[in-house]
Amino acid sequence: MNTTAAALWQSVLGEIELTVSHGNFTTWFKNTELIEHHDSHLTVAVPNVFAIRQFEVKFDDTVKEILAHNGITNPHVTYVVKGAKKHIVTRETTGESEQDNRSQRADDLLGNGRATPTRSTASTSLNPRYTFDSFIVGGSNDLAFAAAQAVAANPGQKYNPLFLYGGVGLGKTHLAQAVGHEVLRRDASARVLYISSETFVNEFLDYIRFKKKGFSDKYRNVDVLIVDDMQFIAGKEKTQEEFFHTFNALHQANKQIIITSDKPPRSIPTLTERLRSRLEWGMAIDIQMPDFETRCAIVQTKANMSGVSLDQDTVEYLAKNIKTNVRELEGALNQLLAYAEMRGVPADVTTAEGLLGNIKHARPQHVTAKQIIDKTAKHFSIEPKEICGAKRDKHIVVPRQIAMYLLRSELHMSFPKISQELGRKDHTTAIHSIEKIEKAIKLDFMIREQVAEIREKLYA
Ligand code: ADP
Ligand code: MG
């Protein structure tokens, strides 16, 4: 298989592995291969005729979704039995010469034993608090957590680069650094380098301006490079160019690259196309705001780490009222603990209310089912009665599924009640619709954004 096709399919499989059950993955996906690739037309070889049917009926949507996620617009996939087609045709976006350059550059840079940074300088920048142990896992970050653990267990082997994206304060830095800690725990001689992309930009500018030495060596002689907040490199073409070469050199030598950003690669507007395509080679996963239960677990765990045990009401009060991000949740908890200690009062709901009352009143506590349906319809420029109607057109079905999802996530409604609100008899549709959106939110940036926007409007 051609390297580009191999990399694409490997990246697709990597995501599928996290999407379907372990059993399904081993049975159906493991021995598949991308054998033909013309723009959006792909041919995938599967082991036998029976598998073809499974793929066509059961997995086609997932495969297409993930292909779209990997930059193939409107993919069309044909499944064939392995061995039936032999020739390999692949769309070449980057060209052969670049592949050659890449290996040559990597050989130049990594193959001839240059001075390596000492381990202490390479690893001191990790925050000791940011470990896997102290990271609370829930539905909003479980994929990211699993991928980060897989990377830590086999750096450079599995998802390379690992690209973590999401809003501020949701744990990207924490998770990226946890990989660094874990790599070092397993192999104390590993060279882990964590930098913010701002540091990368500044050091690069110094290197250009003052002809400072050692820039390339510093970044290229590592086993794991973590670049935090990639979005700051965007728009700075020279720096991107340099980063592109660093990336290639490391990737070629099977060194692990971990990148965080506020957006997925394809949504960072000023990223050069070839850097973007590099970033999409591996695995891009988003981290979202943890749900209520996870927020409770975070509050309780962090309080325990400070040697305080909060009662359940207080934990729930904080988790319920702070829905912006984990950093703010942590901030509110610390504020409460500090205030209670200074004033000698209990860290309970009353104290918390006094401190955070303004946050509590900033948002109405109750939205209604009607508001959810109306706002969702309005967001998609359709009528509320269409959401509650029976039409199966795609431009209505997706908003309808999102409305069901929001009724569940915002109002914790039961499935039968949700069906009733939408004028439906059979509540299995609600179950399927909600599952579908839950999954889409993890895989599809567009859906996630739409849901977030409607939610914002609900509480505006
Ligand atoms: P980001 O880099 O996405 O802006 P950080 O990684 O800096 O966010 O996280 C902000 C704070 O929230 C940190 O103190 C981090 O430890 C904490 N945090 C975020 N997510 C979690 C989580 N799932 N479990 C425990 N702590 C978390
Ligand atoms: Mg960060």
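Lys439 counts as partly exposed because its relative accessibility is 39%. Please keep in mind that the model is predicted.

- Asp291, Glu293, Asp311, Asp313 and Glu316 form a negative surface patch.
- Glu316 has 31% relative accessibility, so it counts as partly exposed.

**Salt bridges within a helix**

- Side chains of opposite charge can pair when their charged atoms come close.
- The structure holds 17 salt bridges, and a few of them are worth a visit.
- In helix H7 (residues 172-186), Arg185 and Glu182 sit three residues apart, about one turn of the helix.
- Their side chains meet in a salt bridge at 2.9 Å, N to O.
- Arg185 is exposed, with a relative accessible area of 63%, whereas Glu182 is buried at 14%.
- Another salt bridge joins Glu273 and Arg276, whose closest N and O atoms are 3.3 Å apart.
- Glu273 and Arg276 are three residues apart in helix H11 (residues 273-279), so about one helical turn separates them.
- Glue this to the accessibility values: Glu273 counts as exposed at 54%, while Arg276 counts as buried at 12%.

- Lys255 and Asp223 form a salt bridge through their side chains, at 3.1 Å from N to O.
- This pair links distant parts of the chain, 32 residues apart: Lys255 is in the loop between helix H10 (237-252) and strand E8 (256-261), and Asp223 is in the loop between helix H9 (215-220) and strand E7 (224-228).
- Lys255 and Asp223 are both buried.
- A network of salt bridges links Arg129, Lys302 and Glu330.

**The chain as a whole**

- The protein chain has 21 helices and nine strands.
- It has 460 residues, of which 48% count as buried.
- Among contacts in the protein chain with a separation of 6 or more, 73% are between residues 24 or more positions apart.
- The accessible surface of the protein chain comes to about 22,200 Å², and carbon and sulfur atoms account for 51% of it.

Conventions:
Residues numbered from 1 in each chain as written. Chains lettered and ligands numbered in written order. Predicted model: local features only at pLDDT ≥ 70, side-chain atom pairs only at ≥ 80, totals over all residues. Heavy atoms only, no water. Patch = residues over 30% accessible without salt bridge, like charges linked within 9 Å, V, L, I, M, F, W, Y side chains within 5 Å. Areas by Shrake-Rupley, 256 points an atom, 1.4 Å probe, with all protein chains shown as cover. Salt bridge = Lys/Arg side-chain N within 4 Å of Asp/Glu carboxyl O. Lys, Arg positive; Asp, Glu negative; His and termini not counted. Charge placed at Lys NZ, Arg CZ, Asp CG, Glu CD. Buried < 20%, exposed > 50% of the residue type's maximum accessible area, 1.4 Å probe, protein only. Helix = DSSP H or I, 4+ residues; strand = E, 2+ residues; numbered from the N terminus. Contact = heavy atoms within 4.5 Å.
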